[in-house]
Amino acid sequence: MSFDNLCKLLSEKHPVTFASWVLGTPQTAVTVLKTELSIEPIRADYVTFLQLQERILHLEFQTKLESIPPLPLRMLDYWVRLYRLYRLPITQVVVLLLPPTPETVSETAFNLETTRHEYRVIRIWEENPELFLNNQALLPLAPLTATTQPQALLKQVVERVNQLEPQQRAEISAYTQILAGLKYKKDLIRNLFREGMMRESVIYQEILAEGEQRGEQRGRQEGERSLILRQLTRRVGELPQQILERIENLSLEQLENLGEALLDFQVQADLETWFSKLD
């Protein structure tokens, strides 16, 4: 779950770069939409909505195709709600981070009787790595791109990360190592990334080192909490101490549920309402 959430974070930090990549044409005026999709609030977890010129771009990051409700139905549901709200053309793109199992059917449309709704699917493992290696915003995704020599590609990624300014290097290194963990063994990632760089990254310590010190479950929980806190602060502003303490005590399942509900939050009162349902 945190892998998808991290991609959402990256796309919202760099909307112009991500829109230009998935659309294949340079974009300039791109803003992140923070909206509730009526009729009823839709729980959109790892989804980014971008406002382009006379168009909406809906980006969804997935580590697997299987979901409930099924992905094609969800894409149709998003389209209808977005169109009702904005009355603009909508481009929908699903970015798959991992190849599905051989028996999985890769669908790109919803089909039922006379209803057909299509969307695009980008398979990250088929993407040319050069674009990602040469773009700081996309660099964390580079380890997952096309290659016949995975270890050589990861070494290239490490070299590019090492070339960044120290302030940027720590953060990009952390993001890159997290996403590389989808494909590469942890020992290989550790060996290729310099030990000193890993010590510089507070985010890496929170997400990955916690997993080493307190177990994988604890590490995943801390990673989810770190990303959620970052997104909550961007969405509703500075959080009071009592809210921070409540988030600190949430279980992994509750953190994941909070991550799914984030899109609906416009103000701090929405967060407090969510907590009241737990009591």
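Phe18, Trp21, Phe61 and Phe132 form one aromatic cluster in this predicted model. Rings of Phe, Tyr and Trp (the six-membered ring of Trp) are taken to pair if their centres lie within 6.5 Å; planes under 30 degrees apart count as stacked, over 60 as edge-to-face and the rest as tilted. Residues are numbered from 1 along each chain as its sequence is written, and side-chain values use heavy atoms, with hydrogens and water left out. In this predicted model, local features need pLDDT of at least 70 and side-chain atom pairs count only at pLDDT 80 or more, whereas totals for chains, interfaces and linings use all residues.

Helices (H or I, at least four residues) and strands (E, at least two) are DSSP runs, numbered from the N terminus. Just after α2, Gly24 adopts a positive phi of about 75°.

Trp79 and Tyr83 form a stacked pair, with 5.1 Å between centres and 5° between planes. These two residues are separated by about one helical turn because they are 4 residues apart in helix α3. Trp79 has a relative accessibility of 28% and therefore counts as partly exposed; Tyr83, at 34%, is likewise partly exposed.

Helix α3 also contains Arg74, which counts as buried because its relative accessibility is 14%. The side chains of Arg74 and Gln62 are joined by a polar contact of 3.3 Å. A polar contact is a pair of N or O atoms within 3.5 Å; within protein, one must be able to donate a hydrogen and the other to accept it, and residues adjacent in sequence count only if both atoms are side-chain atoms. With residues up to four places away in sequence not counted, Arg74 touches Glu60, Gln62, Ser67 and Pro69, where contact means heavy atoms within 4.5 Å. Glu60, one of these residues, lies in strand β3 (residues 55-62). Glu60 has a relative accessible area of 1% and is therefore buried. A polar contact of 3.5 Å connects the side chains of Glu60 and His58.

Strands β5 (residues 109-112) and β6 (residues 115-118) pair in the antiparallel sense over 4 bridges; two strands are considered paired if DSSP finds at least two bridges between them. Within this arrangement, Leu112 stands opposite Thr115 in β6. The two strands form a hairpin with 2 residues between them, and Glu113 in the turn has a positive phi of about 50°.

Elsewhere, Glu171 is placed in helix α6 (residues 166-180). Its relative accessible area is 28%, so Glu171 is partly exposed. The C-alpha atoms of Glu171 and Val161 are 9.8 Å apart, the two residues being 10 residues apart along the chain.

Overall, the chain contains 13 helices and 7 strands. Of its 279 residues, 49% count as buried. Among contacts between residues at least 6 apart in sequence, 66% join residues at least 24 apart. The chain exposes about 13800 Å², of which carbon and sulfur atoms supply 48%; accessible areas come from the Shrake-Rupley method with a 1.4 Å probe, and for residues only the protein chains shown count as cover.

The predictor's confidence in each residue is expressed as pLDDT, from 0 to 100. The mean pLDDT of the chain is 81, and 81% of its residues reach 70 or more. Confidence is highest in β6, at 97, and lowest in helix α8 (residues 195-200), at a mean of 47. Over residues 41-45 the pLDDT is below 50, and this stretch has 20 contacts in the model beyond near neighbours in sequence. Residues 198-202 also have pLDDT below 50, with 11 contacts in the model beyond near neighbours in sequence. Where pLDDT is low, the predicted coordinates should not be read in detail.

Note on methods
Buried means under 20% relative accessible area, exposed over 50%, partly exposed in between (1.4 Å probe, protein chains only).
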